[in-house]
Amino acid sequence: LGVSAATEVSFSFDVGNGPVEIIVRSPNQLNDDQWHRVNAERNVKQASLQVDQLPLEVRKAPTEGHTRLELYSQLYVGAAGGQRGFLGCIRSLRMNGVTLDLEDRAKVTLGVKPGCSGHCTSYGMYCANGGKCVEKYNGYSCDCSKTAYDGPFCIKDVGAFFEEGMWLRYNFHSPGTSMKDLVSRTLLSSTDPETTVTDLNLNKEELSFSFSTTKSPCVLLYISSYTQDFMAVLVKPSGNLQIRYSLGGTKEPYNIDVDHRNMANGQPHTVNITRNERDIVLQLDHYPPTSYSLPTASDIQFNSPKALFLGKVIEIGKIDQDIYKYNTPGFTGCLSRVQFNQIAPLKAALRPTNASSHVHIQGELVESNCGASPLTIPPMSAATDPWHLDSASADFPYNGQAIGDGVNRNSAIIGGVIAVVIFTILCTLVFLIRYMFRHKGTYHTNEAKGAESAESADAAIMNNDPNFTETIDESKKEWLI
């Protein structure tokens, strides 16, 4: 009895008439980290196998032949000797009405642990950004297929640089699929991963991405539909962000304007938008989320989403006038980690995934992470920011008052000691410099000419300066008054 494939459970035996195998095939994968119940039975008349609530598979025993199953070896659970073993959890094992104590045997068996924790229980937290932990034989891995990230732990941003006039379109339906087929497929199989987002009426959406640009206005993202419904994220001529919803029921679209920040400053910014029927939550960068509500007259269903556009809107039919105006010349900058519900259009364009056939690109898409590093330090609120002059309770760090607490007093003492040490070092350097120049400097003399042949220093001066004689004569004169 074992799992022969991701969707198959097999029950095989041989009572002397040759090997017999019964296989139950599940429409869904069985390695989904969920509990599954298996019931296998063999008697003299037939053998049967059932998995969960799937139909029972039965194989009748031959009319003539052996019926007795004679077993002489030990019971192996999880693996036979030397084979690649089962990775996962097994519980409530019963044979012929007897419950086997697997937990007690797991305590003394190498490679088996009681409690069924697994690697994902201990290390699954390292699969970030919605990545799913998958158990492996010697560890675990992170499945990033449902995220807009990449890498071993789903933390690598997948982004691209958009030149002016370039655009990307992601079709929610498969190429060549008509609207009629799309409707029937959606109604029949809403669990199909390719049609999950193409439900005829979306009551909620989750949109997140990061961008950086220095040019405005532009269209960052636009989601069209087979009806007049649409959703758009724009950068207005002023550089402010605008989110626009048009779900029907109102004459004008519902706009959310973020006028307190210039988003076209060349810095990376993150945008997270969540709508659940009438309630909308918007979060920019690391600022607190802001809640909005659609008008009471507005519809709450996004009908028949058709395509998602990045950088520019190239859509057949009538589009909003402001979007048409902001559509020229197009977005220039970086877009990163774009995700709409379970769709990651940039990742589908830059990585070979199952959804790559849904992408159409105009221009050259260059992979880049230039829009993937938003501010990581949360902004200080105005109430606690000492340099925010508009705050009524804001005080400057020093307003002439004495330092009150012990931490500031200790800081002042340490600062004073450091200042004294620096002053002492500077004085020592000045003294050393003066001393060196005093003993090692050069000096000049104004020695009179002819000093070598003179009998004395006075004679040398007299020989060199003829006026010196007159000076002596004048000094010898006496005056009587």
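**Figure 1. Close-up of P329 and its peptide bond.** In this predicted model, the loop between α4 (321–326) and β26 (333–340) contains P329. The peptide bond that leads from T328 into P329 is cis, and its omega is near 0°.

**Figure 2. Close-up of the bond between S216 and P217.** S216 and P217 are joined by a cis peptide bond, for which omega is about 0°. P217 is located in the loop between β16 (204–213) and β17 (218–225).

Figure 3. N341 is not a glycine, yet its phi is positive, at about 55°. Most residues other than glycine have a negative phi. What is the relative accessible area of N341? The value is 19%, and N341 is therefore classed as buried, the cut-off for this class being under 20%.

Figure 4. Between β5 (46–51) and β6 (57–60) lies the loop in which D52 is found. D52 has a positive phi of about 50°, although this residue is not a glycine. The relative accessible area of D52 is 27%, so the residue counts as partly exposed; this class covers values between the limit for buried, under 20%, and that for exposed, over 50%.

Conventions: Residues numbered from 1 in each chain as written. Predicted model: local features only at pLDDT ≥ 70, side-chain atom pairs only at ≥ 80, totals over all residues. Heavy atoms only, no water. Helix = DSSP H or I, 4+ residues; strand = E, 2+ residues; numbered from the N terminus. Buried < 20%, exposed > 50% of the residue type's maximum accessible area, 1.4 Å probe, protein only.
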